[in-house]
Amino acid sequence: MNATAGTGPEDGYDAAPFVPEGADLARLRSAAAGCRGCPLHLQATQTVFGAGEPSSAMVLVGEQPGDVEDRRGRPFVGPAGKVLDRALAEAGIDPGEVYVTNAVKHFKFVLQERGKRRMHEAPSRREVTACRPWLVAELRLVSPRVVVALGATAAKALLGPSFRVTREHGVVLPLPPLDGVDPEVEVVATTHPSAVLRADDRESVYAGMVADLRVAAGVVGGG
Ligand code: URA
């Protein structure tokens, strides 16, 4: 067993038994490649673990890899990633200096157009909870000053199921305990970059996201 075992769900969905104790990020990443903690690994191409600067002061957490990420094995390298990179740069954050990950490490999708198109499907709460030990392990190792929750799935995974991004985006909050340990880290929630792409009023949703990212940048820059 390991450090996080016993804290996961007791319904059979749980990544904790796959998380090696005392591992660094590289070892975590290779262990995550073999995670069978929930059924999402069955249809995904591969595990998409976090990537970026391992000692970054800022960790960004998305929902789950998309179609492009599933094929390439890296988070936020598809259309949402382009929006994110542009917004980070506009908020004065170097996209090369952050650590980026997801609440869920496998792509969940349904097949459409006679099996030709893989359409994103939101992960269930059970799947998010099952995958949480990987996120907790990443946050412990990177040990950032601020975590940015991108969208409702990440925000609920980090701040609890009653959290509403629409109401509390751009607010600096303490990150609740990670498996009973106060991480002494702040968290700021914002819109998911995919929501910018789907919005009718793209410019204002994008501007809101940049404003929230500036708040997060202020936590890092604020000493
Ligand atoms: N959306 C996410 O939430 N994460 C990714 O890595 C890509 C798209």
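What follows goes through the salt bridges, then a charged surface patch, then the cysteines.

A bit of bookkeeping: this is a predicted model, where local features need pLDDT of at least 70 and side-chain atom pairs count only at pLDDT 80 or more, while totals for chains, interfaces and linings use all residues. Residues are numbered from 1 along each chain as its sequence is written, and side-chain values use heavy atoms, with hydrogens and water left out.

Let's start with the salt bridges, meaning a side-chain nitrogen of Lys or Arg within 4 Å of a carboxyl oxygen of Asp or Glu. The count here is 6. One of them joins aspartate 67 to arginine 71, with 3.0 Å between the closest N and O atoms. Both residues sit in helix H2 (residues 67-72), 4 residues apart, or about one turn of the helix; helices are DSSP runs of H or I with at least four residues, strands are runs of E with at least two, and both are numbered from the N terminus. Aspartate 67 is partly exposed at 24% relative accessible area, whereas arginine 71 is exposed at 53% (buried is under 20%, exposed over 50%, partly exposed in between, with a 1.4 Å probe and protein chains only). This pair also belongs to a salt-bridge network of Asp67, Asp70, Arg71 and Arg118.

Now look at helix H4. Glutamate 138 and lysine 105 meet in a salt bridge at 2.8 Å, N to O. That pair ties together distant parts of the chain, 33 residues apart: glutamate 138 is in H4 (residues 125-142), and lysine 105 is in the loop between strand E3 (99-102) and strand E4 (109-112). Glutamate 138 is buried, at 1%, and lysine 105 is buried at 1% too. Glutamate 127 bridges to lysine 108 at 3.0 Å between the closest N and O atoms. Again H4 is linked to the E3–E4 loop, here across 19 residues, and both glutamate 127 and lysine 108 are buried.

Out on the surface, Arg29, Arg72, Arg74 and Lys82 gather in a patch of positive charge (patch members have over 30% relative accessible area and no salt bridge, with like charges joined within 9 Å). Lysine 82 sits in helix H3 (residues 79-90) and is exposed at 62%.

Cysteine 35 is buried at 9% relative accessibility, and cysteine 131 is buried at 11%.

Terms used: Patches are made of residues with over 30% relative accessible area and no salt bridge: like charges are joined within 9 Å, nonpolar side chains (Val, Leu, Ile, Met, Phe, Trp, Tyr) within 5 Å. Accessible areas come from the Shrake-Rupley method with a 1.4 Å probe; for residues, only the protein chains shown count as cover. Lys and Arg count as positive and Asp and Glu as negative; His and the chain ends are not counted. The place of a charge is taken as NZ of Lys, CZ of Arg, CG of Asp or CD of Glu.
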